[in-house]
Amino acid sequence: MGLTMSSGFFDWRDLPFPVPWHEILGSQGPLFVEIGFGSGEFMAWLLERHPEAAVVGFEVSEGSIRRALRRLEKVSGAHYALLYMDARAGLRHLFSPVSIDRIFVNFPDPWPKKRHEKRRLFYPPFWALVASRLKLGGSLQLYTDEISYLFWVLEQSQEVPELGVHWEATRSYPKTRYAQKWESAHKEIYRLEAVKVREAPYNFPCLPKDEAMPNVVLKPREGQTLSALVQGIGPLKTTGGIDLIIPKAYLSIDGQEALFEVFLKEQGLDQRYFIVVRRMGEKIVVRIHDATRVAVTPGVKMSVRLIGDQLQRRGCELLQSTVEVIR
Ligand SMILES: C[S@@+](CC[C@H](N)C(=O)[O-])C[C@H]1O[C@@H](n2cnc3c(N)ncnc32)[C@H](O)[C@@H]1O
């Protein structure tokens, strides 16, 4: 995407899992999270009201992030991070258990159509994740204009007894872009609060993440061309915890380089990147392409390893590997 690192915007792939937020944001105050911050009206208000807090926001809309960044530039001395990331993956991999004071969700998409229902956030596993990441006494606050959605959210939360959930109709709510939209349509607004009342037993470990980029170095047999070697590799697929899809390679015109696009899903985290297989004199090197950014998770290492393994099966000799090659 076209967003570049600027003060306030963080690329999650560059951060350790979990993130030491207080250290990174230079704050000693409470840790707050906003899910779907939209144009940033509420976050600006929160930062002004709690200048000591560390505030982390998740969004999946690039346009919203740009608008929020422009707005938040004007808030001085604030400690915040905006992330282009699905909040489900963010809460799990970027936060330690029992670390968050408050989570705010203002007017989440209710996805009213049956066929879109699976895009909703508040299914029981998400509630369990919320319970695991909140501190005891910490809470999640949600505003919505849709009573049927409110009841659906309530019903889903019942499977997580560590949360005490209550709701009310209210005239006091943050004046976000969506709040204003529903206000002018004269819709009733509801507030739900889920407070963590007991320790939660749920175990949602963060993915382990390495700093070093994985690579495999091989020696092809006499006369073996790269084009012949990569032909027939892919589509490769793995399932069961690490879902990888690697379609066929794209070969460069001079035949010295092959690119594999990788689609990876592991524990809620999606990554898409390229692996390059490059001829370098007598050797062949398999590694992540410089132009793509990744968080080096077990799935990323597995993807490099899978291609290295395929080349070994085609007769290449393994010279060096930072990842164990499956035989
Ligand atoms: C209806 S808008 C509300 C925006 C803002 N809170 C407001 O009140 O104006 C919902 C927002 O949530 C974001 N969103 C939807 N799913 C998300 C997810 N899984 N993680 C993070 N943000 C998400 C959308 O991009 C959108 O900006």
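Which residues does Tyr 80 touch, not counting residues up to four places away in sequence? I found Gly 8, Leu 25, Met 43, Leu 47, Val 55, Gly 57 and Leu 72. For contact I required C-beta atoms, placed from the backbone, within 7 Å.

**Ground rules.** I am reading a predicted model, where local features need pLDDT of at least 70, side-chain atom pairs count only at pLDDT 80 or more, and totals for chains, interfaces and linings use all residues. Residue numbers run from 1 along each chain as its sequence is written.

**Overall.** I looked up the secondary structure and got nine helices and 16 strands. Helices (H or I, at least four residues) and strands (E, at least two) are DSSP runs, numbered from the N terminus. The C-alpha atoms fill a box of roughly 75 × 40 × 35 Å along the principal axes. Of the 327 residues, 36% count as buried. I call a residue buried if 20 or more other C-beta atoms, placed from the backbone, lie within 10 Å of its own, exposed if 12 or fewer, and partly exposed in between. Among contacts with a separation of 6 or more, 71% join residues 24 or more positions apart.

**Cores.** I went back to Tyr 80 and checked the largest nonpolar core. That core has 57 residues. Tyr 80 is among those with the most contacts inside it, along with Met 43, Val 55, Ile 103 and Ala 131. Helix 5 (residues 124-133) gives the most to this core, with five residues. Another core, of 29 residues, lies apart from it and includes Ala 249, Ile 275, Val 286 and Ile 288. My core is a set of buried Ala, Val, Leu, Ile, Met, Phe, Trp, Tyr and Cys residues joined through C-beta atoms within 7 Å.

**Helix 3.** Next I took helix 3 (residues 62-72). Ile 65, Ala 68 and Leu 72 are buried there. An α-helix has 3.6 residues a turn, so residues three or four places apart point the same way. Gly 63 and Arg 70 are exposed on the other side of helix 3. The buried residues of helix 3 pack against strand 1 (9-10), helix 2 (41-49), strand 3 (54-59) and strand 4 (79-84).

**Trp 167.** I found Trp 167 in strand 7 (residues 163-170). Trp 167 is partly exposed, because 17 other C-beta atoms lie within 10 Å. Leaving aside neighbours within four places in sequence, Trp 167 is in contact with Leu 150, Leu 154, Tyr 190, Arg 191 and Leu 192. I also checked Phe 107, 60 residues apart along the chain; the C-alpha atoms of the pair are separated by 14 Å.

**Domains.** The assignment, automatic or from a database, gives domain 1 (9-196) and domain 2 (215-321). Their centres, taken over C-alpha atoms, are separated by 38 Å. Six residues of domain 1 are in contact with six residues of domain 2.

Methods
Two residues are in contact if their C-beta atoms, placed from the backbone, lie within 7 Å.
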